[in-house]
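Let's take a look around this protein together. Have the sequence and the 3D view open as you read.

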Amino acid sequence: MVRYVYAFTEGGRDMAELLGGKGANLAEMTRMGLPVPPGFTVTTEACRVFLATGAEPDGLSQEISEHLTALEEAAGRRLGQPDDPLLLSVRSGARFSMPGMMETILDVGLNDASVQGLAKSSGNERFAWDSYRRLVQMFGSTVMGVDGALFEDVMTRLKQDRGAADDLGLDAGDLAELVEAYKELIHQHTGDHFPQLPAEQLRRAVLAVFSSWNVERARLYRRREHIPDDLGTAVNVQTMVFGNLGPDSGSGVAFTRDPATGRPGLYGDYLPNAQGEDVVAGIRNTVPLAELERLDPTSYNELRAHMRALEEHYRDLCDIEFTIERGRLWMLQTRVGKRTAEAAFAIAAELVDEGLIDADEGLRRVGGEGLARLMFPRFDTSGIGEPLARGIPASPGAAVGAAVFDSAEAVRRAAAGEKVVLVRQETTPDDLPGMVAAQAVLTSRGGKTSHAAVVARGMGKVCVCGAEEIDVDPRRRRFMVGGTVVEEGAVLSVDGSAGAVYAGAAPLVDSAVMRYFETGDRSGPSAELVEAVARFMERADGVRRLGVRANADTPEDAARARRFGAEGIGLCRTEHMFLGERRPLVEAMILARTDAERDRALARLLPLQRQDFTGILEAMDGLPVTIRLLDPPLHEFLPDRTELAVRLAAAQARGTEPSAHDRELLDAVNRMHEENPMLGLRGVRLGLVAPGLVAMQVRAVAEAVVERRRAGGDPRAEIMVPLIDTVEELRLVGEEVRRVLAEVSEESGVVVECPVGTMIELPRAALTAGRIAEEAEFFSFGTNDLTQTTWGFSRDDVEAAFFSAYLDKGVFKVSPFETIDREGVGRLVGIAVAEGRAARPDLKIGVCGEHGGDPESVHFFHTAGLDYVSCSPFRVPVARLEAGRAAL
Ligand code: ADP
Ligand code: MG
Ligand code: MG
């Protein structure tokens with residue numbers, strides 16, 4: 001029989017799929033002997049059944065009541081017992097942490113009778129009513145669907161009425177009144193009463209947590225974090241402990257290290273006399289954890305010991321939630337904590353040094369996306385004066401954008417292409433769309449563990465929080481700081497690394513990590529970070545099997561790629577060599593009416609191209625340079641058809657004869673017009689129908705090789721034919737290539753040998769790769785075109801047209817142009833690799849699409865058995881790191 005409920009004493013951290021991350025870790029802490037309030041977990045399996053059928057799974061309520069009875073017996077009190085109630089929290093907790101996205105209901109078991117019992121048993125009447133009003137509010141909004149803001153309004157009015165600065169200014173009588181008002185509100189809005197039966201409260205709370213899996217903000221968060229939609233959440237039912245019992249009680253959150261920099265030491269926020277959610281919600285200002293040492297040294301030391309135990313046990317940075325009830329410490333949650341990219345490298349390096357993990361495990365814990373983030377520029381703050389305000393550096397990086405004051409405006413402006421900074425007092429999960437849309441988030445309240453900070457770090461967004469000097473006025477869409485008023489639309493520069501905000505757009509400077517890649521220099525103020533990066537790069541290079549090349553078309557890019565560790569060029573596009581001032585030559589070639597005219601035009605292009613190739617071969621001396629023959633349709637080198645027609649019409653209207661050249665051009669443009677140029681006359685097709693074009697390019701390559709060889713160099717050019725469908729095409733082009741190579745060898749007396757290979761970028765080529773390999777000395781997957789032709793997506797159109805709808809509807813989790821589609825395109829890759837190698841065992845195989853620099857795709861290419869990936873120069877370090885991780 002399926003089992004849906006596990007006591008905390010039965011689970012463990014390896015059961016996260018079934019128990020959710022929170023449940024698994026509560027069980028783990030219980031096992032470690034840490035003080036965890038007892039409870040049990042309802043599995044994600046139960047949630048999945050409920051979401052699929054709309055009904056409670058068979059036997060669930062029976063299992064829950066058995067576990068509840070066990071809890072009650074151990075506690076010696078019953079749930080909601082009128083004279084001394086056992087109270088419970090009902091907490092969501094999915095496989096992957098989704099901070100604050102789903103619901104949690106506290107103080108379940110209170111009703112009109114047991115609130116009196118709680119007042120008596122605790123000797124604290126205010127506390128009892130405070131807990132009851134929290135339950136009615138949470139239950140009313142989460143379970144019964146009343147808008148949470150309505151409760152807030154009632155509370156705000158009451159506070160104003162009593163002249164109370166915050167919730168501590170309300171006494172027991174006020175809170176009792178509030179409970180009545182809340183109950184009335186619920187009745188008004190739902191026609192139902194707040195349920196008095198504790199068992200009914202529990203049952204409905206559990207189902208509401210199940211349902212919260214599908215609330216809008218949770219779905220958005222999952223999409224953003226690429227978390228599957230079908231996992232469901234577990235529900236943790238746990239004995240309540242109380243941080244709101246008085247000044248000797250409180251709640252807090254803490255990290256075992258600084259999650260921004262990775263530096264060791266306890267970091268966190270504490271809020272005396274408060275129940276859990278108050279800390280992150282920013283209801284009142286928290287104090288730093290260090291303050292707890294003064295307030296309650298015994299609990300503080302105990303907390304420190306537990307945190308050390310956790311870090312050693314998990315061998316990683318942990319974050320925790322805790323509550324102190326009348327001087328007694330309780331651990332309510334832990335997980336391996338989110339961190340910035342900088343912290344990820346620093347922590348991994350340090351844990352390796354401490355011997356807690358080995359070098360390979362260290363490498364597993366850093367990643368290409370984080371590395372890419374560290375290569376971003378930062379602000380040069382030397383010449384821009386004092387910041388407008390300072391706050392807590394919650395998520396690093398530098399961002400410039402226009403100030404906006406609510407999520408909707410952020411979304412609106414970002415959709416129109418504007419860069420924005422979302423400015424809020426504090427953020428809530430409802431601000432998520434705005435945070436996604438913004439370059440940076442700035443809040444006036446909350447610490448490193450506030451909602452804004454946690455979510456921004458997770459998304460890699462710049463964030464400064466708790467900038468207390470600024471006074472945010474969302475209604476009038478502005479904030480005040482000192483004497484200055486900053487209106488909506490004003491440009492701000494947010495420095496998430498330093499925790500500062502500047503007026504205007506501050507100039508940017510390169511990052512230390514980028515400088516290291518550029519120059520090898522490891523010194524400077526970020527030496528420790530650079531050292532950590534360097535060490536994992538070396539480790540990755542030591543273990544990776546995949547080679548890493550770059551896509552580069554100029555000597556400058558080639559040189560940079562080489563400094564970044566590229567082991568050659570996987571794709572040298574030649575199209576830019578036909579643009580700019582050379583365009584008239586290309587035009588002349590296209591317009592040529594006689595062979596002689598065409599040959600003249602080609603002859604003038606030849607030395608220019610040769611010079612380009614010489615420079616690139618020099619920059620990559622000794623390393624392979626894969627040169628792709630001209631790929632785009634020729635008319636891309638001619639003027640735009642409409643523009644040209646308009647120009648001719650205008651000339652006619654003025655009564656002047658259009659020039660013969662313009663008329664010829666228009667003829668050519670009309671002749672060459674294609675409805676679907678991307679599926680038209682391009683790639684190898686061009687080479688087969690435009691006489692002399694292939695020969696000229698190959699000659700330019702071969703002569704460049706001769707030149708480099710004569711200069712004492714070691715040029716390693718490879719010639720790559722694009723857009724092959726069938727082996728016949730390659731055979732024809734191959735013959736011409738070899739003929740020209742032989743000619744140049746003969747003329748120069750230098751033997752020029754270039755491997756000739758092909759791109760595999762059409763499904764037919766992949767499916768007939770065995771045949772093609774008879775002719776091809778190497779393959780390079782052009783996964784951009786292969787994706788576009790496999791899916792039938794025009795990559796220039798679809799992303800704007802309907803990809804966001806497809807992502808919303810979950811057709812795919814991520815654009816197949818960003819991360820390789822393993823199931824479809826990946827299958828073609830697999831077929832081509834297998835059949836290509838069967839025909840030619842020493843076939844060299846690489847990939848040169850954008851996917852070559854995408855971490856997840858790199859792992860796929862490793863598994864698929866490719867020899868190398870090729871990506872843009874700036875992604876080379878990312879690909880090296882990920883290729884190393886893939887090999888572990
Ligand atoms: P989230 O996943 O949003 O962090 P939690 O389930 O952790 O939600 O609950 C939010 C807060 O409620 C916690 O930070 C904790 O302080 C408080 N809380 C949860 N369970 C208990 C409990 N058994 N006793 C006291 N407070 C609790
Ligand atoms: Mg929590
Ligand atoms: Mg292509």
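## The nonpolar core

Before we start, one term: a nonpolar core is a set of buried Ala, Val, Leu, Ile, Met, Phe, Trp, Tyr and Cys residues joined through C-beta atoms within 7 Å. Keep in mind that what you see is a predicted model.

In this protein, the largest nonpolar core has 262 residues. Those with the most contacts inside that core are Phe345, Val421, Val533, Val701 and Val869. Zoom in on Phe345: leaving out residues up to four places away in sequence, Phe345 touches Val366, Leu529, Ala532, Val533 and Phe536. In soluble globular proteins, nonpolar side chains tend to be buried together.

## The whole protein

Now zoom out. The C-alpha atoms fill a box of roughly 105 × 65 × 55 Å along the principal axes. You can count 35 helices and 31 strands in the protein, and of its 888 residues, 51% are buried.

How do contacts link up the chain? Take the contacts between residues at least 6 apart in sequence: 68% of them join residues at least 24 apart.

## Around ligand 1

Which residues are closest to ligand 1? They are Ser89, Arg91, Thr104, Gln238 and Gly276, out of 19 residues that surround the ligand. By class, the shell holds six nonpolar, 10 polar and three charged residues.

Strands E3 (88-94), E4 (104-108), E5 (233-239), E9 (318-325) and E10 (328-336) each give two or more residues to this shell. Strand E3 gives the most, with three residues. Domain 1 and domain 2 each supply at least three residues to the shell.

## What the record says

The UniProt record, an unreviewed entry, lists "domain: Pyruvate phosphate dikinase AMP/ATP-binding" at residues 60-285 and 294-348. In the model, residues 294-348 are 51% helix and 31% strand. The end C-alpha atoms of this span lie 32 Å apart.

Notes
Residues numbered from 1 in each chain as written. Chains lettered and ligands numbered in written order. Predicted model: local features only at pLDDT ≥ 70, side-chain atom pairs only at ≥ 80, totals over all residues. Helix = DSSP H or I, 4+ residues; strand = E, 2+ residues; numbered from the N terminus. Buried ≥ 20, exposed ≤ 12 C-beta atoms within 10 Å, placed from the backbone. Contact = placed C-beta atoms within 7 Å. Near = placed C-beta within 6 Å. Nonpolar A, V, L, I, M, F, W, Y, C, P; charged D, E, K, R; others polar. Domains from an automatic or database assignment. UniProt positions renumbered as here; feature names shortened; annotations may be inferred.
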